[in-house]
Structures are given as C-alpha cells and as structure tokens.
Amino acid sequence: HVIVNNSTFPVECPAGQYESSGVCSDCAANYYSNSTGSTSCTACSGSLKTITTASDSETDCTVLCSVATASNGYRYPAEGYTVSNDTSVYTYCDANYATQHNTSNEEDCGAELPSCYRKCEITLISSSVSMTDSTTVVGSLLEYMETAHFTCTGEADSVTCTTAGGNIAVYCDKVSIFLLLAIIVGGTIAMTLFIVLLYFMCCISGKDKRHGRYETVAAVEPMLKSTEALDMRIQEDAYSYPHMRNDKTGRSNFGVMKNKMETVF
C-alpha cells in the first residue's frame, strides 16, 4: 500500500512481480506470479525451472536445456544458451559440410541435434557411365548419405556417400570385373612364358658347357699325339737323354706328362 494525502491505497504489482512495503519486485528465477497485486511469488514444482526472472505464468516453469556445440557449424539459439527443452534449435554448417541428406536442420533442444558432415567428392566418372543428373560431374559434392544415380550399358546403378569426406569413383561394375579377369589371365600367361624362357636358358647353358669340353679335348689331342711320338723317340735312345727318363717308371718324363694330360681331359 501507498499513502497519498493521508489516504492509503493498495499497490497492485503486475504479474511476474510481487509487492513488499509498497515496492514491486520481480519474481526470482524458478518462481512465478500469474496475477496482479501478488505479495509473493510461487515456486516451480519439482525439478522444473524458469529461464529468466519475472516469470508471469506457471508454463514458464519447464525443463531447461543448454544448446549443444556444433562441430563444423553453429546453432541458433547459440550454443551454451539456456532454453526450454522443447525450444527449436537450428543447425547451420560450414562450407563443404551439411547435415545428413534429407534431414531437417531444426530439432528440439532436448532431442539429439543434427551433426555437420563433410561432403563426398566425385573424383572419377568412367566414360562408359551416363549420369542421370547431367549436372553431376567430376568435382561435384554429395551430402552425407546422398545418392547419385547413373546408367551403365543401359542398366541403372547408383553410388552413395556413406563415408563423410570420402572420394567417389563412378564406374561400371561389369567393366571392373572384366578388368580383373584380364589381369588374372595376363599374369598367368606372363608367368608361363617366364618359366619356359628359364627352362630354355638352362638347357642352352648346359649344352654350351658340354660343347666347351669337347672343344678343349679336340684342341689338346694334337699335343697328346706329339707327346706320344716324342716319348717313343726318347725310349729308342734313352741313353742319349738320361735326364729325360723317369727314374721310378723307367719311362720318359714326356710319357708321364702325357698320361696326366689324358687323365685331365
């Protein structure tokens, strides 16, 4: 109440406030006043809380939520801001990032808020591929879980960005199978040719060694014959050449040398 000219008048504070000693004050946080002229504020029930002071309705008592941080993006209301659990929060992503394809960027604060995923890049489109969307070219970006459709030899096919930030090559599966078979067949043929070549190299090397022995014997044979003739002459005139005679065998030293040469060759 207030006194004017000795007259007392009641003070009617608005909702959200209370009167004390003729002064209106805001209701504290987690309290509310839903009528005018209140002299006190009412506490929220249970674990419910108000976002601000001077709450003028019981519905201001709610479950509170702190807006979560967005990696590679930002939120509205801003992250860390306290709002009621059912307040809509919007997620906006940085360049080359996006929320999951075909999902909304709006969600209640109390729910799981969308994430920002790096887009996939198409790095290769085979010449045998015809993209359904002609604007999809090398360098195009796909949102996480977005699908690009194409045809290959008249058959429909597609690729999907299943790994955030991944590179996508668009080609025909049939072509890749044929290429794999060609690699296997080519490798088998190459290995077979290598084995055959190795076999012939071994055979030719062995033949050359045998021929080399024959040639050595042929070259030495005249020497053996000359040594034999000389040995016969020395035997006929051993007394004339006593220093050429082998004391142990009685034969000439040339004869002993000839036997050794025959043994070697």
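**Figure 1. The hairpin of E17 and E18.** In the hairpin formed by E17 and E18, 2 residues lie between the strands, and Thr153 adopts a positive phi near 50°. Strands (E, at least two residues) and helices (H or I, at least four) are DSSP runs, numbered from the N terminus. Pairing of two strands requires that DSSP finds at least two bridges between them. E17 and strand E18 (residues 155-160) are paired in the antiparallel sense over 6 bridges. Ala148 has Val159 in E18 as its bridge partner. This is a predicted model, in which local features need pLDDT of at least 70 and side-chain atom pairs count only at pLDDT 80 or more, while totals for chains, interfaces and linings use all residues. Residues are numbered from 1 along each chain as its sequence is written, and side-chain values use heavy atoms, with hydrogens and water left out.

**Figure 2. The largest nonpolar core.** A nonpolar core is a set of buried Ala, Val, Leu, Ile, Met, Phe, Trp, Tyr and Cys residues joined through side-chain atoms within 4.5 Å. Buried means under 20% relative accessible area, exposed means over 50%, and partly exposed lies in between (1.4 Å probe, protein chains only). The largest such core has 13 residues, and those with the most contacts inside it are Val129, Met131, Leu142, Phe150, Val159, Ile168 and Val170. Two or more residues each come from strand E14 (120-125), strand E15 (129-131), strand E17 (147-152) and strand E19 (167-170). E17 gives the most to this core, with 3 residues. Not counting residues up to four places away in sequence, Val170 touches Ile122, Leu124, Ile125, Ser126, Val129, Met131, Phe150 and Val159; contact here means heavy atoms within 4.5 Å. A second, separate core of 6 residues includes Val67, Val83, Cys109 and Leu113.

**Figure 3. The open sheet E8-E10-E12.** An open sheet is formed by 3 strands in the order E8-E10-E12, with antiparallel pairing. Strand E8 (73-76) and strand E12 (106-108) are at the edges with a single partner strand each, so one side of each is left without a neighbour in the sheet. From one strand to the next, the twist averages 30°; axes are lines fitted to C-alpha atoms, for helices over the stretch in contact, and angles run from 0 to 180 degrees between N-to-C directions. Between E8 and strand E10 (residues 88-93), the antiparallel pairing covers 4 bridges. Arg75 stands opposite Thr91 in E10.

**Figure 4. The loop between E8 and E9.** Tyr76 and Pro77 are joined by a cis peptide bond, with omega about -5°. Pro77 is in the loop between E8 and E9. Ala78 is also placed in the loop between E8 and strand E9 (82-84), and is partly exposed at 45% relative accessibility. Ala78 and Tyr90 are 12 residues apart in sequence, and their C-alpha atoms are 9.2 Å apart in space.

Figure 5. The structure holds 7 disulfides, each a pair of cysteine sulfur atoms within 2.5 Å. One of them joins Cys13 and Cys24, with the sulfur atoms 1.9 Å apart. The torsion about this S-S bond is about -90°, so the disulfide is left-handed. Cys13 lies in the loop between strand E2 (7-9) and strand E3 (17-20), and Cys24 lies in strand E4 (residues 23-26), so the pair ties together parts that are 11 residues apart in sequence. Cys13 is buried at 0% relative accessible area, whereas Cys24 is partly exposed at 31%. Cys27 and Cys41 are likewise linked by a disulfide, S to S 1.9 Å. This link is left-handed, with -80° about the S-S bond.

**Figure 6. Disulfide Cys93-Cys116.** The sulfur atoms of Cys93 and Cys116 are 2.1 Å apart and form a disulfide. The link is left-handed, with -90° about the S-S bond. Cys93 lies in strand E10 and Cys116 in the loop between E12 and strand E13 (117-118), so the pair ties together parts that are 23 residues apart in sequence. Cys93 is partly exposed at 23% relative accessibility, and Cys116 is buried at 10%.

Figure 7. Ser21 is not a glycine, yet has a positive phi of about 55°. Ser21 lies in the loop between E3 and E4 and is exposed at 75% relative accessibility. Asn72, not a glycine either, has a positive phi of about 60°. Asn72 lies in the loop between strand E7 (64-66) and E8 and is partly exposed at 33% relative accessibility.
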